[in-house]
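Here's a quick tour of a protein model, written for someone just starting out. Keep the structure open while you read, and find each residue as it comes up.

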Amino acid sequence: MTSAGASGMALEVRGCDQMNLFADIRELVVAELQALMSDGVLPAGLDLAGVAVEPPRDAGHGDMATNAAMVLAKPAGLQPRAIADALAVRLMEDPRVAGADVAGPGFLNLRLEPAAWHGLVRDVLAQGEGYGRSALGQGRKVNVEFVSANPTGPMHVAHARGAVVGDALANLLAYAGFNVTREYYINDGGGQVDVLARSAYERYREAHGLSPEIAEGLYPGDYLIPVGEALKAKFGDSLLDKGEQYWLADVREFATDMMMEMIRGDLAALGVSMDVYSSEKALYGTGQIEAAIETLRSKGLIYTGTLEPPKGKTPEDWEPREQTLFRSTAFGDDQDRPVQKSDGSWTYFAPDIAYHYNKVMRGFDELINIFGADHSGYVKRLKAVVSALSENRVTLDIKLIQLVKLLKGGQIVKMSKRAGTFVTLRDLIDEVGADVVRFVMLTRKNDVALDFDFDKVTEQSKDNPVFYVQYANARVNSILRKAREAGLDVSDATLGAAHLTHLGHAAELDVMRKLGEWPRMVEIAARGNEPHRVAFYLYELASDFHALWNRGNDDDSLRFLQEDAGVSQAKIALVRSVGVVICAGLGILGVTPVEEMR
RNA sequence: GCACCCGUAGCUCAGCUGGAUAGAGUGCUGCCCUCCGAAGGCAGAGGUCGAAGGUUCGAAUCCUUCCGGGUGCGCCA
């Protein structure tokens, strides 16, 4: 939602004062390892790519841990401990490092000086929601294609998850320094839009007082009634009692446009806006499909042949047919795939090839498609197409979105298009709100099924992750409000200049450590195209913050508002930092932060 | 038959592209409000990471083979 200026911002932040404590310490470790190499303690020319600086699993081990000694032991021909000891001595000389202990099989556990964490808080306040933005993407052009629902009706819940994941992923990638385009591929070239046209025509007849004949296979939904009315308004009675050949094309275009209008509205209600809408139909008759196929043919990947029937269960009506095929088996697919039907017309795969060719030609470095899990069989052939057409320059990552199971009162909400009981995206948003829909849809990895429990998501307890995170943010704002009422200056500038040496308790350090993980988390999530990690991170941050808050009940010195204004400001600086990161994270998820719970 | 995805605490799920004694929530047991919002927090119990092999300093994570569940498999997109 706030991604418009993202790529420019990332470039700006890139460089010197981009704060990422883990990255900084890794740089330090690498520098010291290089020094050890030039001193002859380590053999020269070691590959340091595998050296990682990570949060230790157990916080008791310290603030950060590096595996350097273990990954280098073998290539260096030395004992891990010997490397770790030598490295520890050098690292201790850095003012940020308070301790470096060798542990376990050769981990080097680092404890940082409180001042390092204080610097982090100052940085969060100085950079605001820019804290955590990354230059990882280096402005590379990435295209995220998602939703792409057929323009034949309103969006329903099955589309919602893909829409949310795609949009949050786009936000995430923009935040991580990619130049992102959100794109919707309109499937307006196939038989289903003819069905739409015929269905709408019946509603048009209905608008003229005739009784509609919704034959088997047509779309029965009420949402087409206004389309019928609009057709009447536009065409009067000129289409009545005419054969399909007189009206099909016009009605199809008109109805498709209205459906897309409705879908745009549905997306907007969910907070999604696309940068580009591409039309399948627009590929026909322009030579683009032919050109794409010819390009593949020139690589020897197109031929005429006959497919074997699938082993195991052969379809009843199977008969061998000669078709134009794409050699996707050359890329690991199970079988070659037809691009032309036996009558010579294109299969749905052909325009898809042209569409992906088009994306490659537009200069994208990376393509990401968000598909429903029922498209799993489609993945290999599309990847094959992209790598063939781009000479392996462009990568295609396909995220398959598993089903959403709706639960209400402990019961599964059965959805049937025919029975008209499917739940539309609008219904869902009207009932629980777009923020809840978005957050909950991001609390699972894309490739596992998701239960969406109406009762839980509207509940105000920590069962409900949306509420839990929002509550943390509300508490942050509550503190700021109280402080202002007490006449304290809590502007970010003032807080950033506070004497943060007042922060040092273990519970406070826990929160600071978690804040320190944010930029690292962004990069991990962006590298894997996994926006759900942001949701989980926010939950953890909220948890650490709630814990700190409650410590104040037992220990007065941990309360945020103290007698001494300077001490208060230091504490509030930390509180405010938590709010900044929560807002940044919610921004990526596309969820509106609430300042007060109601 | 083949391909892809999933299998982690009673239940719902995380798990950083191979790291340390596998973590949350929920449920169960016991605690914490004169208090910055208890709509919260703390502690305890609870595991053969579906199974068996393999790769190496080291595997829930990578490889192989099984078992169980889901999805898909030429003129629908």
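## Briefing: charges, rings and folds

Let's start with E32: its relative accessible area is 16%, so this residue counts as buried. Keep in mind that you're looking at a predicted model. Chain A contains 20 helices and 15 strands, and its C-alpha atoms fill a box of roughly 85 × 60 × 45 Å along the principal axes. Of the 598 residues in chain A, 52% are buried.

**Salt bridges**

- Side chains of opposite charge can pair when their charged atoms come close.
- Searching the whole structure turns up 30 salt bridges.
- E32 is in one of them, with R90 as its partner, and the closest N and O atoms are 2.8 Å apart.
- That bridge ties together distant parts of the chain: E32 sits in helix 2 (residues 21-38) and R90 in helix 4 (residues 80-91), 58 residues apart.
- While E32 is buried at 16%, R90 has a relative accessible area of 25%, so R90 is partly exposed.
- Another bridge joins D333 and R337, whose closest N and O atoms are 3.0 Å apart.

**Aromatic rings**

- How many aromatic pairs are there? The count comes to 17.
- Take Y201 and W247: their ring centres are 3.8 Å apart and their planes are at 0°, so this pair is stacked.
- Y201 belongs to helix 7 (residues 191-207) and W247 to helix 9, so to speak two distant parts of the chain, 46 residues apart, linked by this pair.
- Y201 is buried, with a relative accessible area of 5%, and for W247 the value is 5%, which makes W247 buried as well.
- For a contrasting arrangement, look at W549 and F560: the ring centres are 6.0 Å apart and the planes are at 65°, so the pair is edge-to-face.
- This pair also links distant parts of the chain, with W549 in helix 19 (residues 532-554) and F560 in the loop between helix 19 and helix 20 (565-589), 11 residues apart.
- W549 is partly exposed at 23% relative accessible area, but F560 is buried at 6%.
- Rings can gather in groups, too: F326, F331, Y348, F349 and Y378 form one aromatic cluster.

**A charged patch on the surface**

- Which residues make up the patch of negative charge on the surface? They are D250, E253, D257 and E261.
- D250 is in helix 9 (residues 244-269).
- With a relative accessible area of 40%, D250 counts as partly exposed.

- A525 and L172 are 353 residues apart along the chain, yet 7.9 Å separates their C-alpha atoms.
- You'll find A525 in helix 18 (residues 506-527).
- Is A525 buried or exposed? Its relative accessibility is 0%, so A525 counts as buried.

**Two residues with positive phi**

- E391 isn't a glycine, but its phi is positive, at about 55°.
- Look for E391 in the loop between helix 12 (379-389) and strand 12 (395-401).
- At 58% relative accessibility, E391 is exposed.
- N392 is another residue other than glycine with a positive phi, this time near 65°.
- N392 also lies in the loop between helix 12 and strand 12.
- The relative accessible area of N392 is 63%, so N392 counts as exposed.

Note on methods:
Residues numbered from 1 in each chain as written. Chains lettered and ligands numbered in written order. Predicted model: local features only at pLDDT ≥ 70, side-chain atom pairs only at ≥ 80, totals over all residues. Heavy atoms only, no water. Patch = residues over 30% accessible without salt bridge, like charges linked within 9 Å, V, L, I, M, F, W, Y side chains within 5 Å. Areas by Shrake-Rupley, 256 points an atom, 1.4 Å probe, with all protein chains shown as cover. Salt bridge = Lys/Arg side-chain N within 4 Å of Asp/Glu carboxyl O. Lys, Arg positive; Asp, Glu negative; His and termini not counted. Charge placed at Lys NZ, Arg CZ, Asp CG, Glu CD. Helix = DSSP H or I, 4+ residues; strand = E, 2+ residues; numbered from the N terminus. Buried < 20%, exposed > 50% of the residue type's maximum accessible area, 1.4 Å probe, protein only. Phe/Tyr/Trp six-rings, centres within 6.5 Å; stacked < 30°, edge-to-face > 60°.
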